[in-house]
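Here are a few exercises to work through with the model open beside you. Try each task before reading its solution.

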Amino acid sequence: MSLNRTARRISLPALLAVVVAAALLAIAPGHATPAGASARAAASSSGHPPKPVIVLVRRGFTVYAPPNPLRGLPQDSAYVHQFLTQNVALQGKPVVLVAHSYGGAVITNAAVGDPEVKALVYVDAFIPDQGDTVGGLLSAQPGSCLLAPGVFNPVPYPGGPPGDVDLYINPDQVPGCFATGVPPTQAAVIAATQRPLAASAATEPSGPPAWKTIPSWAVIGTADRVIPPAELTFMAQRAGAHITYVKAGHLSLITKAPVVTRIILQAVQATG
């Protein structure tokens, strides 16, 4: 399996995401593939500690991709935090959290108080400070295509706060906004299978950020039309992240998968 195909498999939940909501990958050793089992067996017999967390299953590591509920920043962060801290398979294991887009705000909050999280990787993602909102960060710099008229299709959902709606990107807006640089057939799949984010998530303030105590990495697409590159850079620099720029739109995890894979590996290696 090539690195490109591996990265695309890892990123599949992200391909289905919309608005500013995308895949959140919690990466840690877990139920091993045969390669992972043999790798740990070799480490045990040699007396060396287990390999650090890595994203490439073929190299002997396992990836967890917990679902991002997309119901709001407090709820989504609490859900992922519980996954990290209550999952028996993760206990006592170093964890690298990787997130795209809105998922960056989620891991910024979810990793707080979890000593097993050793690194954060943000891929075209929000990196909020305490008190920031996703909506405020999105509009801090001009140029986000999500702020243009006619981008969203708001749909009420049952059980939500009064006046809250689910936000879908209108299918005809996906190729030129969210999925720039992606082949048309893939963009069509993203548009048809998108999951909505509750509009209220854009106005909920972020809590104390995990990046103040956990090393971070950031991949920034210089042609991102969802989160302006200037804002991505500002957030990454404020967090003290190791920054890598790629010539890509908002979905660099698809169009520049080998680069994203390389940055994740750098974060993994730094945990050792």
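Contact here means heavy atoms within 4.5 Å. This is a predicted model, where local features need pLDDT of at least 70 and side-chain atom pairs count only at pLDDT 80 or more, while totals for chains, interfaces and linings use all residues. Residues are numbered from 1 along each chain as its sequence is written, and side-chain values use heavy atoms, with hydrogens and water left out.

**Exercise 1.** Work out how H4 and H5 are oriented to each other.

Helix H4 (residues 73-86) packs against helix H5 (residues 102-110) at about 60 degrees, and their axes are 8 Å apart. H4 and H5 are therefore oblique; angles under 35 degrees count as roughly parallel, over 145 as roughly antiparallel, 65 to 115 as roughly perpendicular and the rest as oblique. On the H4 side, Leu73, Asp76, Ser77, Val80, His81 and Leu84 make the contact, and on the H5 side Tyr102, Ala105, Val106, Asn109 and Ala110.

**Exercise 2.** Which residues have the most contacts inside the largest nonpolar core?

Leu120 and Val121 do, in a core of 68 residues. Such a core is a set of buried Ala, Val, Leu, Ile, Met, Phe, Trp, Tyr and Cys residues joined through side-chain atoms within 4.5 Å.

Technical notes. Axes are lines fitted to C-alpha atoms, for helices over the stretch in contact, and angles run from 0 to 180 degrees between N-to-C directions. Helices (H or I, at least four residues) and strands (E, at least two) are DSSP runs, numbered from the N terminus. Buried means under 20% relative accessible area, exposed over 50%, partly exposed in between (1.4 Å probe, protein chains only).
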